[in-house]
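Reader: I'd like to go through this one with you before I set anything up on my side. Could you put it on the screen?

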Amino acid sequence: MATVAVTLASMFHLGAIISYGLTVTSGVRNEEQGLATGLVTTTQQAGLTVGIPLLGVLATTGTDLYAGVRTVIALDAAIVLGAAVLVAVGLGLRRAR
């Protein structure tokens, strides 16, 4: 079961990375495409640098590693869902202008 959850999470993360990369760079002038891409990549790298170790620590804090991994996967899913809601709201506000 955990393998299926990790596989699905990985697929959805990849889709999210591509989607937000396209969203951030769409509508940006050609002269500023490099800047927009650099900002996207920087935030992604900062998230990986902080997020993976933090989730790893949370997963191994308790005595039951399997329960810790399940908790971290649920936490990660909640974070991704929250980010998706923020993006949807932001895109809605952008369209309203």
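Reader: How much space lies in the largest pocket?

Author: The largest pocket holds about 1,200 Å³ of space, and please keep in mind that this is a predicted model.

Reader: Which residues lie nearest the centre of the largest pocket?

Author: Those nearest the centre are H13, A16, D76, I79 and V80, and they belong to a lining of 33 residues.

Reader: How do the lining residues divide into nonpolar, polar and charged?

Author: The lining of the largest pocket divides into 23 nonpolar residues, nine polar ones and one charged residue.

Reader: Switching to packing: at what angle do the axes of α1 and α2 cross?

Author: The axes of α1, residues 2-25, and α2, residues 33-60, cross at roughly 145° and come within 9 Å of each other. The crossing in which α1 passes α2 is right-handed.

Reader: Which residues of α1 and α2 meet there?

Author: From α1 there are I17, Y20, G21, V24 and T25, and they meet Q33, A36, T37, V40 and Q44 in α2. The residues of this contact divide into five nonpolar, five polar and no charged.

Reader: Staying with G21, how far is its C-alpha atom from that of Q44?

Author: The two C-alpha atoms are separated by 9.9 Å, while G21 and Q44 are 23 residues apart along the chain.

Reader: Why is G21 classed as partly exposed rather than buried?

Author: Its relative accessible area is 21%, and since buried means under 20%, with exposed set at over 50%, the residue falls in between and therefore counts as partly exposed.

Reader: What about T42, buried or exposed?

Author: T42, which is found in helix α2, counts as exposed because its relative accessibility is 52% and the cut-off is over 50%. Its C-alpha atom is separated by 29 Å from that of V4, and T42 and V4 are 38 residues apart along the chain.

Conventions. Residues numbered from 1 in each chain as written. Predicted model: local features only at pLDDT ≥ 70, side-chain atom pairs only at ≥ 80, totals over all residues. Heavy atoms only, no water. Axes fitted to C-alpha atoms, helices over the stretch in contact; angles between N-to-C directions. Helix = DSSP H or I, 4+ residues; strand = E, 2+ residues; numbered from the N terminus. Left-handed = near helix turned anticlockwise from the far one by under 90°. Contact = heavy atoms within 4.5 Å. Nonpolar A, V, L, I, M, F, W, Y, C, P; charged D, E, K, R; others polar. 1 Å grid on protein atoms, 1.4 Å probe; cavity = no way out; pocket = protein on both sides within 12 Å on 5 of 7 lines; lining within 4 Å. Points joined across faces, edges and corners; volume = space filled by probe spheres on them. Buried < 20%, exposed > 50% of the residue type's maximum accessible area, 1.4 Å probe, protein only.
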